Amino acid sequence: MILSLSKIKSTIYWIDLFKERGFNRFKCRRCGRYFWSIEETDICGDCKEYNFIKNTPRTKVDITDMDHLRELYLSFFEERGHTRVNRYPVVARWRDDVYLVGASIYDFQPWVTEGIVPPPANPLVISQPCIRLTDIDKVGISGRHLTSFEMMAHHAFNTSKERVYWNEETVRYSYEFFVEGLGIDEEELIYIEDWWSGGGNAGEDFEVLIRGLEVATLVFMQYRVVDGKILEMDNKIVDTGYGLERIYWLLRGTPTIYDAILGGVIDTLYSRLGLRRVDEEILIEVTRKMGLLDTLTKENIEAILATLAQKYGLERKDFERDVKTQWTIYRLVDHAKTVLLMLADGLVPSNTGGGYLARLLIRRAMRDCIVLQLGLSIYDIIELLIPKLSKAFPELEEVKDSVLEMIEIEEDKFKRTIKTGRRLIQRRIKEYTTKGIRKFNLEDLILLYDSHGVPPEIVKEEAEKLGIKVEVPPDFYGRLASLHEGEAVVAKGIEYKITPEMLSNIQPTRKVYYEKPHIEEITAKVLKVIDGKYLVLDRTIFYPEGGGAPADTGVITWRRGSCKVVDVQSIGNVIVHVCEGDLSTLSTGEEVHCKVDIERRKSIMRAHTATHVILAASRAVLGKHVWQAGAQKSEDSARLDITHFKRLSGEDIEKIEELANRIIIDNRAVNVYELERNEAETKYGFTLYQGGVVPEKVLRIIDIENWDAEACCGLHCSSTGEVGLVKIVRTERIQDGVERIEFLTGMKSLRYLQSIEEKLKECSLILNRPLGEVVIGLKDLLEENRRLRRELRRLTEQIIESLASRIRSTMERYKDMEFGIEVLKEITDLDQAIKLAFRALATSRNGVLALLIPVKEGYRFIIALTSQIVDRGLDARSILKNLQRTMRIFGGGKEDLVQGLIREIELEKIIGNIKRAFKDEYDRIQ
Ligand SMILES: [Zn+2]
Ligand SMILES: [Zn+2]
């Protein structure tokens, strides 16, 4: 049913509770929206300035901290029939369309919201940490924006079969929470009628405001938006969100949200740095004014600050600096907290994906520290935050060391980036200057950050020294974040032209490869032949490509023919065999005999099982931040890509290899079973999705006894012992934050080790030493080699010296030119000949010398001149040219040195020619 907006809006907002409690409906004269309130007013609360700061609403409970408030919320809803559900990670591993969780409903998208999987409980209550980077540039300034926050939520999932609760109950719960749970007067509550849409869904909602602060949103998600049309959904979902930090701020009434939620850390920073805080009254006014700005520009921020400086009689510059310092401290603490949550959930900073967003925050915080010269680093702040947050996030203590190490490494990288960055900026500015451009453009700013990691503030600092103007848009980081948050994850398409329609009447293929992964042959019945090369059977033992494993190969034979199976693809529930051979003699219903290349299959199964074993070993050795970033298994080799913040050391590799082989020698059972999605997630957590998102309601779990469990569709050994020896043969950094581990299994490991042993044995024979002494033998040999080379150098030096004096004594004279022509037998190296020539000429003023080294085709030669004779105008190149008139001579060089080859063998003629050329050329310069 297609609905019109006006029709929708009329009914759902009329709540009985409003009538009971005396709420009336008003229209806001500012924004035009309708809202419900007990007190008569014509402004909606969203359009009002805050009035809870230093003036908190009356409550009946004394909330001691955020942990207390969270617990009060969760148990309040628990007492009212909701099941408490544990928080999900902030990294959305179960989805392939987003990197980070931005709202509690993300936990249930798309499986539950699409009705594929039942919710983990219904109704449920949760407090979900969320990360949103869209307003990153307002953080600190607005006094209320955060990059991470906790969304407390109660959700109800209604289907056509089961009604849980809807608008009436939802509003009633929210009313009861604020009025009874917290004891806030009902007159404080304002419910604004609004419309929400996102991620293809939409619905009416209420914004709940207290004293101008939005504390909750109650969404009635019941439409799907398709091509701009609004369609009703079968499932109707209550999607609420109560801002834990915001409600806590409301109850505290501090000038900013940051003072309320992280005040302790902020105080520590201020006293540690010995900075002056902005007067509280003034800060309140700054925050109130900034909070009302929709977009921040340099101009409107500075205008507000100027007005306030004047109002309070403060020096404008000092005031501006103090305020901006305070904003920066707020931002630092906020960013540090978000980074901590990201890294604790297993993100590794990098240049792509979720890792990019983590690095963006780290760099921005580090830049703040540099610009303000705070003598502080994000490392220090994270260290302060961990104890403060570990009550709510106990896992922080466990990952503390690796998180701090990651931050340290990032800081080092950033410092190096800035160094090289300054050079890049200077180069860019040179280009600008030659083109006469006086202003840095935004594309270049983004490029410098994205490709080289140079933050725009550093560009500004550097460029303005050189007279180029740089304007950094206030939403620069928000733009970057949204550029990368929206990165689509592209799935591999099927390259064959088979559409699901072509398979529409075909029954699902029975997957015998799952039932009996070790059997080699079966008979099956032909269901369809498509385009003379695609074959569909009623059952198959051919594993289709998937789960990072290639498809099986093999042969299919029948009464009148046979074909090779070169690829296998799974399309919906139907398995399609891609065949090479003549299928024309096959008819539907005919029986065929399938034979899979079982050795190849077993190799792949070993590699696949080893992948699971090595991944878990890497996590055990390196830490929980390690996630699979990719994997490939083939018959001959396998590789596993893992996220890790630095290069694997030799020791790391050894430890991983050893641990993996221990698990293999243990011969642990590899159990394969199916589990309903919610149950599997509860039992194993989200490391289930190491191999990627699995789009199924029921997950196929590969459970290696007491070691590792992953959702995976691949074929595996039945116990780890079958894998045989695992040998890591190579590791490589394939991108920032990702290490590739290449490894071998089974007999291939053995063959690899044998070939190494073979080479060692050869070395032992050549060295004439026992195998155990090969290394010592090599070292001795190298030492001997070094000694001999030293000796050789010394002797060559002697030879050159004695040759030089011989040459000097036989030099002839023509006018005041000294010249010599010498055939060398003691030296064969041209470089040494050059050295010799100049040594021999050292005592000569107007000297020229030709040295000849006999070779098979004739003579290699050099002709060298002293600098004095060059200064007088003699050029080695003209001598060469002169010679070319009388001999076959090839070469080239500079004015004082030419070299090349003389393709003549009559030495006397050669010497005569050279002598004449020397004299001719010398005469020419007289
Ligand atoms: Zn309004
Ligand atoms: Zn697997």
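In which sense do strand β12 and strand β16 pair, and over how many bridges? Strand β12 (residues 534-537) and strand β16 (residues 574-580) run antiparallel and share two bridges. Strands pair here if DSSP finds at least two bridges between them. Helices (H or I, at least four residues) and strands (E, at least two) are DSSP runs, numbered from the N terminus.

A word on the model and its numbering. This is a predicted model, in which local features need pLDDT of at least 70 and side-chain atom pairs count only at pLDDT 80 or more, while totals for chains, interfaces and linings use all residues. Residues are numbered from 1 along each chain as its sequence is written, chains are lettered from A and ligands numbered from 1 in the order in which they are written, and side-chain values use heavy atoms, with hydrogens and water left out.

Start with the overall layout. The domain assignment gives domain 1 (5-253), domain 2 (261-485), domain 3 (500-596), domain 4 (601-753) and domain 5 (796-924). These bounds come from an automatic or database domain assignment. Between the C-alpha centres of domain 1 and domain 5 lie 93 Å.

Now the zinc ion (ligand 1). Its protein donors are C28 (SG), C31 (SG), C44 (SG) and C47 (SG), at 2.2 to 2.3 Å. Donors are N, O and S atoms within 2.8 Å of the metal (3.2 Å for Na, K and Ca); water is not among the atoms, so sites may look incomplete. The four donor atoms subtend angles of 103 to 116°, so the arrangement is tetrahedral. Four donors count as tetrahedral if all angles lie between 85 and 135 degrees; four count as square planar and six as octahedral if opposite donors are over 155 degrees apart and all others between 65 and 115; anything else is irregular. Along the chain the spacing reads C-x2-C-x12-C-x2-C. C28 sits in the loop between β1 (24-27) and β2 (34-37), and C44 in the loop between β2 and α3 (66-78); the pair links parts 16 residues apart. C28 is buried at 3% relative accessibility, and C44 is buried at 0%. Buried means under 20% relative accessible area, exposed over 50%, partly exposed in between (1.4 Å probe, protein chains only).

The strands β1 and β2 run antiparallel, joined by four bridges. R25 has W36 of β2 as its bridge partner. Six residues separate the strands of this hairpin, and G32 takes a positive phi near 80° there. β2 also pairs antiparallel with strand β6 (residues 189-198), over three bridges. Here W36 stands opposite Y191.

Next, the barrel. Six strands close it in the order β11-β12-β16-β15-β14-β17, with antiparallel pairing. Direction ignored, neighbouring strands are turned by 45° against each other on average. Y534 stands opposite V578 in β16.

A disulfide is a pair of cysteine sulfur atoms within 2.5 Å. The structure holds zero disulfides. C579 is buried, at 6% relative accessible area.

H608 (NE2), H612 (NE2), C712 (SG) and H716 (NE2) are its protein donors, lying 2.0 to 2.4 Å away. Their angles of 97 to 135° make this site tetrahedral. The donor residues are spaced H-x3-H-x99-C-x3-H. H608 lies in helix α17 (residues 598-622) and H716 in the loop between β22 (708-711) and β23 (727-735), so the pair ties together parts 108 residues apart in sequence. H608 is buried at 1%, and H716 is buried at 5%.

Definitions and conventions. Axes fitted to C-alpha atoms, helices over the stretch in contact; angles between N-to-C directions.
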